Amino acid sequence: MTNLTRADFETLDKNDTLAPLRDQFSLAQDLIYLDGNSLGVLPKATAAHVQQVITQQWGVDLIRSWNCNQWMQKPAQLGDKIGQLIGAEAGQVLACDTTSINIFKLAAAAVKMRPGRSKLITETGNFATDLYLLQGLAKLLGDQVQVVALPREQVLDAIDDDTALVLLTHVHFKTGAMWDMPAVTQQVQQHGALMMWDLCHSVGAMPIHLDRVNADLAVGCTYKYLNGGPGSPAFVYVAKRLQAEFEQPLTGWLGHAKPFDFNDEYQGANGIQQAMCGTPPVLANAALEVALDVMLQADLNQVRQKSSHMGDLFIQLVQQRCPWFQLSSPVDKAIRGSQVSLVHDQGYAIIQALIERNIIGDFRAPDHLRFGFTPLYLRYVDLWDTVDALVDIMTHDLWKQPKFLAKQAVT
Ligand SMILES: *Cc1c(COP(=O)(O)O)cnc(C)c1O
C-alpha cells in the first residue's frame with residue numbers, strides 16, 4: 001500500500017460533496033472535533049431560533065403557544081423527522097425524555113407484551129445505563145424476570161423461548177463494532193422475543209431502516225450525531241403493529257388519551273403518543289428542530305460512505321505511523337460504526353495532550369482513545385493532522401507531563 005500524504009487528504013476535501021455543510025456549523029477553523037459522536041456541534045441557525053422561541057413564543061405569546069406555536073405537537077413532529085432518518089413511517093417515533101428513561105419505558109412494556117417469559121438479554125460491556133435500567137426493572141418486578149448479560153459472542157446463542165426482550169446497542173459506544181440489525185432482529189423474533197435497538201451511536205451516522213427490518217422497539221439520543229445540543233430530548237420507536245398492545249409504565253398525564261379532561265382514571269392514548277409522560281422541554285425541542293432540519297439536508301448514504309472512508313483512512317494512517325496503539329475497532333468497515341478506537345494504557349493522558357492542541361477526541365475507561373467521524377463538519381485533512389499530532393506526542397513522550405495525567409470528572 002502506498003503511503004498517504006497530506007496532499008491526498010486535501011484532494012479528498014476538494015472533491016467532497018458534503019463539505020459545504022460544514023459552513024452550517026459553528027466550529028472554529030483551527031479546531032479538530034472528533035467528539036461529535038458524544039456531543040454534536042452547534043448548528044449556526046440554532047441560537048437565533050431558540051432566541052425567537054424565547055422572546056416571541058414564551059415572551060409574548062405565552063401560554064397560547066401550546067396551541068398557536070404547536071408546543072404540544074412538537075414531540076410527535078420531531079419524532080416524525082427523526083423517523084425519516086431511521087426508516088420509520090410517520091406515527092411511530094416520539095421525541096421525549098432521555099434515552100435512559102425511554103429504555104425503562106420500552107423494556108417494561110416489552111415484559112408486559114411477553115408474559116411468562118423471564119429473560120432480558122443484553123451484552124456485558126454495553127453502555128452502562130442500558131444494563132442499569134434492565135437491572136432496575138428486574139429488581140422492581142421481583143422474581144418475574146432476570147437480566148442475562150453475556151459477552152458479545154455469546155449473546156445470540158442465549159436467545160431462547162423464555163426470552164422476553166433483547167436489548168443491544170447497534171454500534172458499540174467503545175469499540176464502534178456494529179451488529180447486523182436485520183439478522184439479529186430476525187433471530188430474536190424467531191424465538192418470539194422482542195428486540196430493542198439502542199441507536200445512540202448510529203442515528204445520523206448512517207442510514208437505518210427500522211420498518212424495513214421489521215424492527216420492534218428502538219431508542220436513541222439526539223445530542224450525538226444529530227447535534228440537538230446538550231441534554232436534548234431522546235426518542236422512542238414503537239412499531240405500528242405493536243402499538244395496540246403497547247403499555248408503558250410511566251403513565252403520566254400527557255400519555256393519556258384525553259389529558260385535558262383530567263379524569264381520575266388513566267387511559268393510555270392510542271399510538272405512539274402513549275410513550276409521552278410529562279410536559280415536553282420546549283426550548284430543547286426548539287434547538288433539536290433546527291438540528292434535524294440541517295441533518296435532513298444530507299443524504300445518509302453519502303454520510304455513511306464518507307464516515308466509512310474516513311475510518312479506513314484513519315486506520316491506515318495509524319497502522320503506517322503509530323506502532324504504539326492497538327486497534328479496538330473492526331478493520332472491516334461493513335461492521336464498523338462511525339468511530340475508530342485505539343487502545344493504550346496511558347490513553348487518558350494522550351487524549352489530554354491532543355486536546356491541548358485543539359484536537360478533541362475522548363477517553364473511555366480503562367484504556368480506549370475514541371475518535372468519532374461526523375461527516376457533516378469533519379474535513380479529511382483533520383484526520384491527517386490528528387495522526388500527525390499523535391505521532392509527535394508519542395515520539396517525544398509529551399503526554400507524560402503531570403498536567404495531562406490528572407483526571408477530571410467528565411472524561
Ligand atoms: C449516549 C448513550 C446513552 C445516553 O443515555 P442518556 O439517558 O441520554 O444519558 C444511552 N445509551 C447509549 C448506548 C449511549 O451511547
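Predicted model: local features only at pLDDT ≥ 70, side-chain atom pairs only at ≥ 80, totals over all residues.
A polar side-chain atom of Lys224 lies 2.6 Å from an oxygen atom of the ligand. Two packed helices are described by the angle between their axes and the distance between the axes.

**Ligand surroundings**

- The ligand is surrounded by Thr98, Thr99, Ser100, Phe127, Thr129, Asp130, Thr169, Asp198, Cys200, His201, Tyr223 and Lys224.
- Tyr223 places a polar side-chain atom 2.7 Å from an oxygen atom of the ligand.
- For Asp130, a polar side-chain atom lies 3.1 Å from a nitrogen atom of the ligand.

**Helix 5 with helix 6**

- Helix 5 (residues 99-113) and helix 6 (residues 128-140) have axes that come within 9 Å and cross at roughly 45°.
- The two helices, helix 5 and helix 6, are therefore oblique to each other, and their crossing is right-handed.
- On the helix 5 side, the residues that meet helix 6 are Ser100, Ile103, Phe104, Ala107, Ala108 and Val111; on the helix 6 side they are Thr129, Asp130, Leu133, Leu134, Leu137 and Leu140.
- By class, the residues of this contact of helix 5 with helix 6 comprise 9 nonpolar, 2 polar and 1 charged.
- Ser100, Thr129 and Asp130 take part in this helix contact and also belong to the residues that surround the ligand.

**Helix 10 with helix 12**

- The axes of helix 10 (residues 300-321) and helix 12 (residues 380-395) are 10 Å apart, and the helices pack at an angle of about 25°.
- Helix 10 is therefore roughly parallel to helix 12, and it passes helix 12 in a right-handed crossing.
- Helix 10 contributes Lys306, His309, Met310, Leu313, Phe314, Leu317, Val318 and Arg321 to the contact, while helix 12 contributes Tyr380, Leu383, Trp384, Thr386, Val387, Asp388 and Val391.
- The residues in the contact of helix 10 with helix 12 divide into 10 nonpolar, 2 polar and 3 charged.

**Helix 1 with helix 12**

- Helix 1 (residues 6-14) packs with helix 12 at an angle of about 155°, the axes being 7 Å apart.
- Helix 1 and helix 12 are therefore roughly antiparallel to each other.
- Arg6, Phe9, Glu10, Leu12 and Asp13 of helix 1 meet Tyr380, Val381, Leu383, Trp384 and Asp385 of helix 12.
- This contact of helix 1 with helix 12 has 6 nonpolar and 4 charged residues, with no polar ones.

**Backbone features**

- Most residues other than glycine have a negative phi, and most peptide bonds are trans.
- Leu62, a residue other than glycine, has a positive phi near 50°. Leu62 is located in the loop between helix 2 (46-61) and helix 3 (65-68).
- Ala365 and Pro366 are joined by a cis peptide bond, with omega about 0°. Pro366 belongs to the loop between strand 12 (362-364) and strand 13 (368-372).

Note on methods
Residues numbered from 1 in each chain as written. Heavy atoms only, no water. Axes fitted to C-alpha atoms, helices over the stretch in contact; angles between N-to-C directions. Helix = DSSP H or I, 4+ residues; strand = E, 2+ residues; numbered from the N terminus. Parallel < 35°, antiparallel > 145°, perpendicular 65-115°, else oblique. Left-handed = near helix turned anticlockwise from the far one by under 90°. Contact = heavy atoms within 4.5 Å. Nonpolar A, V, L, I, M, F, W, Y, C, P; charged D, E, K, R; others polar. Near = heavy atom within 4 Å. Polar contact = N/O pair within 3.5 Å; in protein donor to acceptor, adjacent residues only side chain to side chain.
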